[in-house]
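Please study the sequence and the structure shown below before turning to the exercises. Each exercise is a task followed by a solution in steps.

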Amino acid sequence: MSSVFRTAFEQALHRSGFPGFHTDSNSDNIIIPDEDSREMSNQKDQVWILKPSITNQAVGISLVRSTSQLRNAIHASDDIQKAGDFVLQRYIPPLLLDGRKFHLRVFLLLTGNLTAYVAKDFLAIFSLEPYEGANLDHTRAHLTNIAHQEVLSDEDQHRCMRRFDETTQDMLDSGVVKTICEAEKRIESVKDRVMKIIAEMVEAVSSELTFSSKDNCFEIFGLDFMIDPDWNTWLLEANAEPDLSKAGERLQYLIDDMLMDTLDLVIGQDTRFQGNMAPTSFDDMNKSNGSTCFVKVYERKGRSF
């Protein structure tokens, strides 16, 4: 590693003013949160996750504990990854089910200018490897992206991905709840929190100059959430152009239904098609027999000038 890169890295780290971090000249100290995160600063082995913004499917992700590891990870990345930005996030201790880490994939539909809908069925995506005792180099235990797992059979597919609603027995068997009823309540509580987070997120970006919404347009996003051992829910990232091919044969119907309901919803809102199909509005769909898979969580109100 050249001294030029090392110096540039140290200068960039200092200039960034990255909230919650400080370092010294030896570059090998543990990255420690500031006083606003005093409770976590006591954890000398705090782990951070480094993500290239330009890649997907867990390509180029590194787990680091120190500024030297962070520097080495960026230096080792390829030219494509270096062409974009990097995101550094605190690694969130996960709630474990069956001794394995998982995250939630939630589909968000944005339409027009600007309404947000969330698919009711959340997907729980698991690592196939045990989490406890796995070192940071054993990335399949830590990175739950399904493209990063080795799915070799239908059984692996079921263990790797299922509906969040299907995890009640896993919660009971893992000892994180005492009854199935408690598990169901936990799931509903997490879903409610996710809906609120998404609404807040959409409202926050709706005024950004770099975020453009247009009438007669729509887009589907894949949002990833983590649940920690205290049942706090964390938004990890929002993915444009999510891969819809990884649900597997058993759960493919969820994707198919979502796409059909997306078309019904988008076309039904267009006045040029009203009268030619039913229902003609999302409110009517919500009042119907539950055929839609979406819940409206946000709608931008008209602006007064």
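The model is predicted: local features need pLDDT of at least 70, side-chain atom pairs count only at pLDDT 80 or more, and totals for chains, interfaces and linings use all residues. Residues are numbered from 1 along each chain as its sequence is written, and side-chain values use heavy atoms, with hydrogens and water left out.

**Exercise 1. Overall make-up**

Task: State how many helices and strands the protein has and what percentage of its residues count as buried.

Solution. 
Step 1. The secondary structure comprises ten helices and ten strands. Helices (H or I, at least four residues) and strands (E, at least two) are DSSP runs, numbered from the N terminus.
Step 2. Of the 305 residues, 41% count as buried. Buried means under 20% relative accessible area, exposed means over 50%, and partly exposed lies in between, with a 1.4 Å probe and protein chains only.

**Exercise 2. The nonpolar cores**

Solution. 
Step 1. A nonpolar core is a set of buried Ala, Val, Leu, Ile, Met, Phe, Trp, Tyr and Cys residues joined through side-chain atoms within 4.5 Å. The largest one has 32 residues, and Phe102, Leu104, Leu108, Phe164, Ile198 and Val202 have the most contacts inside it.
Step 2. H8 gives the largest share, ten residues.
Step 3. A second, separate core of 19 residues includes Ala247, Leu251, Leu265 and Cys293.

**Exercise 3. Aromatic rings**

Task: Describe the aromatic pair of Phe102 and Phe126, and find the residue that lies over the face of Phe126.

Solution. 
Step 1. Rings of Phe, Tyr and Trp (its six-membered ring) pair if their centres lie within 6.5 Å; planes under 30 degrees apart count as stacked, over 60 as edge-to-face and the rest as tilted. The structure holds two such pairs.
Step 2. Phe102 and Phe126 are stacked, at 5.1 Å centre to centre and 25° between the planes. Phe102 belongs to strand E4 and Phe126 to strand E6, and the two are 24 residues apart.
Step 3. Phe102 is buried, with a relative accessible area of 1%, and Phe126 is buried at 0%.
Step 4. Arg162 lies over the face of Phe126, 4.5 Å from the ring centre. For such an arrangement, NZ of Lys or CZ of Arg must be within 6 Å of the ring centre and within 35 degrees of the ring normal.
Step 5. Lys191 lies over the face of Phe122, at 5.5 Å from the ring centre.

**Exercise 4. Salt bridges**

Solution. 
Step 1. A salt bridge is a side-chain nitrogen of Lys or Arg within 4 Å of a carboxyl oxygen of Asp or Glu. The whole structure contains nine.
Step 2. Arg163 and Asp121 meet at 3.0 Å, N to O.
Step 3. The closest N and O atoms of Arg250 and Glu166 are 3.0 Å apart.
Step 4. Asp121, Arg163, Asp165 and Lys191 are linked in a network of salt bridges.

**Exercise 5. Backbone features**

Task: Locate the cis peptide bond and describe the hairpin of E8 and E9.

Solution. 
Step 1. The cis peptide bond joins Asn113 and Leu114, with omega about 10°. Leu114 lies in the loop between E4 and E5.
Step 2. E8 and strand E9 (residues 233-240) run antiparallel and are joined by seven bridges; two strands pair if DSSP finds at least two bridges between them.
Step 3. Five residues separate E8 and E9 in the hairpin, and Trp231 in the turn has a positive phi of about 70°.
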